Amino acid sequence: MILNRKILKFEIDLDFVLIAVTTSLKDYRICYLINRYLNFNFVKTADLAVEMAPNPGPVYFSRYTYSWEATETDFYFIANKGTDAYLIPEMRKTDYFLMIKNYIDDSDVDNLISLLNKIPEIVAAVKIEPKKIKSRENLLF
């Protein structure tokens, strides 16, 4: 008996820019400073709920959002440390992630990172390649 088998290859669409932010400040305080220094308007939204083994229920991560209406670019500022675990466990030294969805020019990203690094309370803001993160599925929402 001959079996016909089809193998389904699944590639996760990681169509976003990711910036790792290190700071000792609380989420609301750093968002206030980003809003002030960069003329953003981050607003607190519902926490990001992620199912993570071995936790029995979802782990919640603080989340703020902001949009550039003209280009339909969405910004998400997400805490790496949640109620019971890390969003990206292999990056425990990172406090927050700034995720940028939809179109943004490379020079805009470089400029944004430069401005973030000028905020005295931010230790470092660096661009991360999402494809190189082992637990990247946690960033899909």
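Which residues is phenylalanine 42 in contact with, leaving aside its neighbours within four places in sequence?

**View 1. Contacts of phenylalanine 42 in the predicted model.** Beyond those neighbours, phenylalanine 42 is in contact with Cys31, Ile34, Asn35, Tyr64, Thr65, Tyr66, Phe75, Tyr76, Phe77 and Leu98.

**View 2. The largest nonpolar core.** This core has 26 residues. Ile19, Phe42, Phe77 and Leu116 have the most contacts inside it. Two or more residues come from each of β1 (16-23), α1 (27-38), β3 (58-68), β4 (73-79), β5 (96-101), α2 (106-118) and β6 (122-128). Helix α1 gives the most, with five residues. A second core of 19 residues is separate; among its members are Ala20, Val50, Met52 and Leu87. In soluble globular proteins, nonpolar side chains tend to be buried together.

**View 3. The pair of phenylalanine 42 and phenylalanine 77.** The structure holds nine aromatic pairs. In this one the rings are tilted, with 5.8 Å centre to centre and 50° between the planes. Phenylalanine 42 lies in the loop between α1 and β2 (43-51), and phenylalanine 77 in strand β4, so the pair ties together parts that are 35 residues apart in sequence. Both residues are buried.

**View 4. One aromatic cluster.** Its members are Phe40, Phe42, Tyr66, Trp68, Phe75, Phe77 and Tyr96.

**View 5. Lysines over tyrosine rings.** Lysine 44 lies over the face of tyrosine 64, at 5.4 Å from the ring centre. Lysine 81 lies over the face of tyrosine 86, at 5.2 Å from the ring centre.

Definitions and conventions
Residues numbered from 1 in each chain as written. Predicted model: local features only at pLDDT ≥ 70, side-chain atom pairs only at ≥ 80, totals over all residues. Heavy atoms only, no water. Core = buried A, V, L, I, M, F, W, Y, C linked by side-chain atoms within 4.5 Å. Buried < 20%, exposed > 50% of the residue type's maximum accessible area, 1.4 Å probe, protein only. Helix = DSSP H or I, 4+ residues; strand = E, 2+ residues; numbered from the N terminus. Contact = heavy atoms within 4.5 Å. Phe/Tyr/Trp six-rings, centres within 6.5 Å; stacked < 30°, edge-to-face > 60°. Lys NZ or Arg CZ within 6 Å of the ring centre and 35° of its normal.
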